[in-house]
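Here is a friendly walk through one structure, for reading with the model open beside you. Have a look at it first, and then follow the notes below.

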Amino acid sequence: QVNLVESGGGLVQAGGSLRLSCAASGRTFSITDMGWFRQAPGKERDLVARIDWSGRSTYYADSVKGRFTISRDNNKNTVLLQMNSLKPEDTAIYYCAAAPTTQGLADSWGQGTQVTVSS
């Protein structure tokens, strides 16, 4: 079991950047794929980015490719999501997750952090 705590959300203007951080605890973090989901009001929760346990393989949703970058530091038990060129449609609650799937499932979830992009 991996426990997760997100930070770094906030309000930013369109075109700006934010970096989300996820602090993980648990002995299995370094062998667990990690990811970020987001959920906007009235919409389903979607997988935005995923990184495998080694950090060598990543996945991005088409809507964020070229703008978002996921990374991890297994020595510090952290996962980062660097978000650039933000758009109003990126507004959502962002959740860090352990062992995420594109079907919206995960083994563990953080509490979520709000990202709001103003136009």
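## The aromatic cluster

F37 has a relative accessibility of 0%, so this residue counts as buried, the cut-off being under 20%. Bear in mind that the model is a predicted one. W109 is partly exposed, at a relative accessible area of 29%, while Y95 is buried at 14%. Ring pairs bring F37, Y95 and W109 together in a cluster.

How many aromatic pairs are there? The count comes to two. In one of them, the ring centres of F37 and W109 lie 4.8 Å apart with the planes at 50 degrees, so this pair is tilted. It connects distant parts of the chain, since F37 sits in strand β4 and W109 in strand β10 (residues 108-109), 72 residues apart. In the other, Y95 and W109 have ring centres 6.4 Å apart and planes at 90 degrees, so the pair is edge-to-face. Here Y95 belongs to strand β9 and W109 to strand β10, 14 residues apart.

Is β4 largely enclosed or left open by the rest of the structure? Five of its six residues are buried, so β4 is largely enclosed.

On one hand, β4 runs antiparallel to β5, and five bridges join the two. Within this pairing, R38 stands opposite D46 of β5. The two strands make a hairpin with six residues between them, and G42 in the turn has a positive phi of about 75 degrees. On the other hand, β4 is also joined to β9 by six bridges, again in the antiparallel sense. G35 has A97 in β9 as its bridge partner.

## The open sheet

Now for another set of strands. Four of them form an open sheet, ordered β1-β3-β8-β7, with antiparallel pairing. The strands at the edges are β1 (3-7) and β7, and each has a single partner strand, so one side of each lacks a neighbour in the sheet. From one strand to the next, the twist averages 15 degrees.

For S21, the bridge partner in β8 is L80.

## The disulfide

The structure holds one disulfide. It joins C22 to C96, with an S to S distance of 2.1 Å. C22 lies in strand β3 (residues 18-25) and C96 in strand β9 (residues 92-98), so the pair ties together parts that are 74 residues apart in sequence.

What is the handedness of this disulfide? The torsion about the S-S bond of C22 and C96 is about -85 degrees, so the disulfide is left-handed. Both C22 and C96 are buried.

## The nonpolar core

Finally, the core. The largest nonpolar core has 29 residues, and W36, L81, M83 and Y94 are those with the most contacts inside it. At least two of its residues come from each of β3, β4 (34-39), β5 (46-51), β7 (68-73), β8 (78-83), β9 and β11 (113-118).

Which residues does L81 touch? Leaving aside residues up to four places away in sequence, L81 touches L18, R19, L20, W36, A49, F68, T69, I70 and Y94. Among these, W36 and Y94 are also in the group with the most contacts inside the core.

Key
Residues numbered from 1 in each chain as written. Predicted model: local features only at pLDDT ≥ 70, side-chain atom pairs only at ≥ 80, totals over all residues. Heavy atoms only, no water. Disulfide = S-S within 2.5 Å. Helix = DSSP H or I, 4+ residues; strand = E, 2+ residues; numbered from the N terminus. Buried < 20%, exposed > 50% of the residue type's maximum accessible area, 1.4 Å probe, protein only. Core = buried A, V, L, I, M, F, W, Y, C linked by side-chain atoms within 4.5 Å. Contact = heavy atoms within 4.5 Å. Pairing = 2+ DSSP bridges. Axes fitted to C-alpha atoms, helices over the stretch in contact; angles between N-to-C directions. Phe/Tyr/Trp six-rings, centres within 6.5 Å; stacked < 30°, edge-to-face > 60°.
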